[in-house]
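Please consult the sequence and the structure as you read.

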Amino acid sequence: MMSNDVLRSVRYMLDLSDSKVVEIFALAGSEVPLEDVQAWMKKDDDAAFRKLPDVLMGYFLNGLIFYRRGKSEDAPAPSIERRMNNNIFMKKLRVAFELKTTDIPDVLLKANFKISQAEVGAIFRNPDHKNFRECGDQILRNFLKGLTMIHRPGPAKKG
């Protein structure tokens, strides 16, 4: 998935304003103008749309970890990846939302997506490991959908 899609999903999930997104970038040490955030939030076919660079998405996800969990002076700051991929998105989101690997299938089940614990474990392995598995767009999309259902529940259904 594109970094812009993940950023838009997290923004909606947590009901963040554009200025709050700027603050989250700042928590990780990256100063981004409000105009850039607004351009990253545009749909791909909008003339004002701009692609969010991977390195800046790394800053946002680290800022999200600090925003949700607080900044520890004892622990080193998470690394900033130069190239983002779905596996890194999953790892950073898992940390930000304080999820264990065993929680991931339940989050995905919220979005009616079944996955085994072994498949989840393979996504979080080191890329050099023989059982490593690339995280596909469908898994990441459903993970974001499940997190949204948890953190931004809709109105209760009558029935």
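Q: Which residue meets D15 in a salt bridge?
A: This is a predicted model, in which local features need pLDDT of at least 70, side-chain atom pairs count only at pLDDT 80 or more, and totals for chains, interfaces and linings use all residues. Residues are numbered from 1 along each chain as its sequence is written, and side-chain values use heavy atoms, with hydrogens and water left out. A salt bridge is a side-chain nitrogen of Lys or Arg within 4 Å of a carboxyl oxygen of Asp or Glu. At 3.7 Å from N to O, the side chain that meets D15 is that of R152.

Q: Where in the chain does R152 lie?
A: D15 is in the loop between α1 (3-13) and α2 (18-27), and its partner is 137 residues away. Helices are DSSP runs of H or I with at least four residues, numbered from the N terminus. R152 lies in the segment after α8 (137-151).

Q: Is D36 buried or exposed?
A: Buried means under 20% relative accessible area, exposed over 50%, and partly exposed in between (1.4 Å probe, protein chains only). The relative accessibility of D36 is 19%, so D36 counts as buried.

Q: How far apart are the closest N and O atoms of D36 and R50?
A: R50 is partly exposed, with a relative accessible area of 40%. The two residues form a salt bridge, and their closest N and O atoms are apart by 2.4 Å.

Q: How many salt bridges does a search of the whole structure find?
A: One of them joins E81 and K92 at 3.4 Å, N to O. The search of the whole structure gives a count of 9.

Conventions: Helix = DSSP H or I, 4+ residues; strand = E, 2+ residues; numbered from the N terminus.
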